[in-house]
Amino acid sequence: MPSIASIVTNAPWAQLEESLQLNGYAQLAGVFSPSECQSLIALYADNQRYRKAVVMEDKGYGKGEYKYFEYPLPSLVQTVREALYTPLSRIANRWMRQLHSTTEYPPSLRAMQARCHAHNQHHATPLLLKYEQGGFNALHQDIYGEVYFPLQAVINLSRPNKDYMGGEFVLVQQQADAQKRAHVVSPMLGEMIIFATHSRPVLVADSYRQSHVEHGIAEVSEGKRYALGIIFHDAES
C-alpha cells in the first residue's frame, strides 16, 4: 500500500484546489487504510498521549468528547500533518493574494510552528474526536491564538452506516450579499475533508471578498464515530 506521504503528494491537487475555491472544502478518499484507522481509535484510551481532554457538554460545544495530542505526535499523525502542510500552504498563499492580504505562510510546517511559538502558541492541536449516539459538534472555528492557518483537515476513522449512522460533516459559510449556505458531507472510512478554518475568498463580480466559514458535526443517530482533526497552527493553551 502507498505511504501516507505518497498518497498526499500524488493527490489531484488541481482538482482539490478547485473544490476548495468553489465550495470551501475538498474530499480525498483512501488517505488512511482500515488498519490505520483502527490503530488511531485504539490510541484514544491511552491518556498519556494527550495534553487535554474536553467534554463538549461541559463547555456548551455540543455532545461528545475530544482529546488534543501532546508533542511528540504519533508518527501517523505527524506524517500526514507534514505532508499536507506544503501543498496547502501554496493554496493558502494564493488565497491571501486574492484577498489582497500581506500575510504569507511559510513553505514548511516547522517554519509555521516557529511563527506560532514566537506568538506564545506552543501546544499541539491535532486531536481525536469521539461521538456516541446523540453526539454532535456545534458550529465553530478552530482558532487558538493570534496566528492561525486558513485551512485544516479531518479524517473519518469509523465506517458510516456500520459503526454509526448520521454524524455528517457540516460546513456553513456566509454568501456575499445573501443568506448562509450549508454543505453536508458524509465521508467514507479513511476519507479526508480539507476545509477553510475561518474564511475563504469568494469571487463576486470582478473581485474577491472574504466569506466567513464555520464547521460542525450533525447528530449521530446510532453507534459511535471517531475522527482525527489536523490543525496546522499551535495553541496558546
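Is glutamate 191 buried or exposed?

## Glutamate 191

Glutamate 191 is buried, at 9% relative accessible area (buried is under 20%, exposed over 50%, with a 1.4 Å probe and protein chains only). This is a predicted model, where local features need pLDDT of at least 70, side-chain atom pairs need 80 or more, and totals for chains, interfaces and linings use all residues. Side-chain values rest on heavy atoms, without hydrogens or water, and numbering runs from 1 along each chain as its sequence is written.

You'll find glutamate 191 in the loop linking strand E10 (181–185) to strand E11 (192–196); strands are DSSP E runs of at least two residues, and helices are H or I runs of at least four, numbered from the N terminus. Beyond four places in sequence, glutamate 191 touches Gln27, Leu28, Ala29, Gly30, Val154, Ile155 and Asn156 (contact is heavy atoms within 4.5 Å).

## The nonpolar core

The largest nonpolar core counts 70 residues, and Phe32, Leu84, Leu157 and Leu228 have the most contacts inside it. Helix H5 (residues 75–98) gives the most to this core, 11 residues. Such a core is a set of buried Ala, Val, Leu, Ile, Met, Phe, Trp, Tyr and Cys joined through side-chain atoms within 4.5 Å. Past its sequence neighbours within four places, leucine 157 meets residues including Phe32, Leu128, Leu189 and Leu228.

## H2 against H5

Helix H2 (residues 13–23) and H5 have axes that come within 12 Å and cross at roughly 45°. The contact involves Trp13, Glu17, Leu20 and Gln21 of H2, meeting H5 residues that include Leu84, Leu88 and Trp95.

Key. Axes are lines fitted to C-alpha atoms, for helices over the stretch in contact, and angles run from 0 to 180 degrees between N-to-C directions.
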